[in-house]
Amino acid sequence: MTRVASLYLPSWPTDRLRRPIGGSPDASAEAPAQDDARPLILVGRDGRKRVVIAADAAARRLGVHPGMAAAMAQALVAGLIVRDADPAADAQALDRLALWLLRRYAPVVATDPPDGLMIDITGATHLFGGETATLSNMIERLAAVGITARVAVAGSYGAAHALARFHAAPITAIDAGDHAPLLMLPVAALRLPAAMIDGLRRLGFDRVGELAATPRAPLALRFGSEVGRRLDQMFGHSSEPFALIEAPELIRVRQAFAEPIAAAETIARYIAKLVDLLCIVLEERGLGARKLDLLFYRVDNACQSVRVGTARPIRDRKRITRLLCDRIETVSPGFGIETMVLSAPLAEPLDYRAGNSNLVDTPVADISELIDVLANRVGDGSLYRLAPVASDVPERSVRRVAALASEGGSDWSGEWPRPSRLFSRPERIETLALLPDHPPAAFTWRGIRRRVRRADGPERVFGEWWKRDAETVAVRDYFQVEDDAGERFWLFRAGDGEDPDTGAQNWFIHGIFG
């Protein structure tokens, strides 16, 4: 099932001027190049008249909109920043953003000037844990560098384009064939020329549903075939060609067929041949693949795609072939595939590790192949390990890292043991305890009352005053307790038991010992 996303940038290209020059959404957020938070507009010429080409969110909130006379906008908003529009630079920046999306999220990306991109996410969302997780990650990374974005996903680009621009939610998703949300959209969502939209409104057409219920012949007689074509594209009845973005340095191999192929066995055989060709190119350049895209161009001009990722750069033919062949079941060949293209959008230098120097050395287990198989099935975000962080506050002393991330050098060494299961958030409990230093004699957690038989503590943990003022005097007293059934818990009291400024003196359970 095809899933196409439309990424809409409502403040583009003004967001480009607010970003660090040359920055990337993968880079850490820095201070904007334009640190002045005043409203910003870009102006150009419409004949002899200077008009607003684009306006940022702050300017739009104050009533400025594209198409407005520049002089009127300056009169309306005091302190307005005015810059000349540079369409060539804006298009180049949009291309760079498309290349970033291509390398990170999906193998099929196209620009939709002046403020959008098309992304075919079919066969690629499993690497991020699903469709919603992929789109959320995309929006969050763009927001981190000051780019405002909305994204919609549907079975056709016409539907996704309309929802992204005329639906207020940051993320919108509808199933293929679900036309009900589309029928309520205004006719402007059909990407028709402005004069044609005005003509339709004068005839009383305000919604797409009203237009879809009207016979095509009278519409074609008055407006030509464009209205029917856009309706068919929105509802997925006709295909829509795109000029796909391609990285200039992309490593790519291609196989065209004299006769279309469709059988899974045939597809697998040619995957192996393409992998051999790709590995030869990678070896010549001393690289290993981190992401691999396999595109299937069908005879009906549709494109199916498969993306797989690896935990570290690899150039193992059997391993790459297996990862790609595991995804064949997600490909719909239709009436046949006439071309297959295999590329490596992300490749890195391949590091060689020395083998065992003698027969008595203990071999080092390589679990990267297992990690690759699991990550491409359950998502890379679902596969991780825990690493220590230098912090006395328990919930801050651990973080998730990639399964094969290098050791950071920190550990959890300390005088007091930590529970095998630490709750992400402490849970409130009811207790019976003597203040200030005694452990609870009994506590109630999740409706079950437990009598404490043994206890050890308190272990005092102080707040991190350099992070928040509220933690300057904050204190927690932790106790390890064991109930009558032999189960052991990690409890703490918020406060020192005497001074109310150190905490509310409430009790919580923070973990369970194995």
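## Basis of the description

The model is predicted: local features require pLDDT of at least 70, side-chain atom pairs count only at pLDDT 80 or more, and totals for chains, interfaces and linings use all residues. Residues are numbered from 1 along each chain as its sequence is written, and side-chain values use heavy atoms, with hydrogens and water left out.

## The chain as a whole

The chain has 514 residues, of which 45% count as buried; buried means under 20% relative accessible area, exposed over 50%, and partly exposed in between (1.4 Å probe, protein chains only). Its C-alpha trace spans about 90 × 70 × 45 Å along the principal axes. The chain contains 14 helices and 20 strands, where helices (H or I, at least four residues) and strands (E, at least two) are DSSP runs numbered from the N terminus.

Among the contacts (heavy atoms within 4.5 Å) with a separation of 6 or more, 59% join residues 24 or more positions apart.

## A sheet of three strands

Strands β3, β2 and β4 form an open sheet in the order β3-β2-β4, with mixed pairing. Because β3 (49-55) and β4 (81-84) each have a single partner strand, they stand at the edges, and one side of each is left without a neighbour in the sheet. The twist from one strand to the next averages 40°; axes are lines fitted to C-alpha atoms, for helices over the stretch in contact, with angles from 0 to 180 degrees between N-to-C directions.

Strand β2 (residues 40-46) pairs with β4 in the parallel sense over 4 bridges, pairing being assigned if DSSP finds at least two bridges between two strands. L42 stands opposite R83 of β4.

## T134 in helix α5

Helix α5 covers residues 131-144 and includes T134. T134 has a relative accessible area of 1% and is therefore buried. Beyond its neighbours within four places in sequence, T134 contacts Y105, T125 and F128. A polar atom of the T134 side chain lies 3.4 Å from the backbone oxygen of T125.

## Helix α6

Helix α6 (residues 157-166) is mostly covered, with 9 of its 10 residues buried. The buried residues in α6 include Y157, H161, L163 and R165.

Technical notes
Polar contact = N/O pair within 3.5 Å; in protein donor to acceptor, adjacent residues only side chain to side chain.
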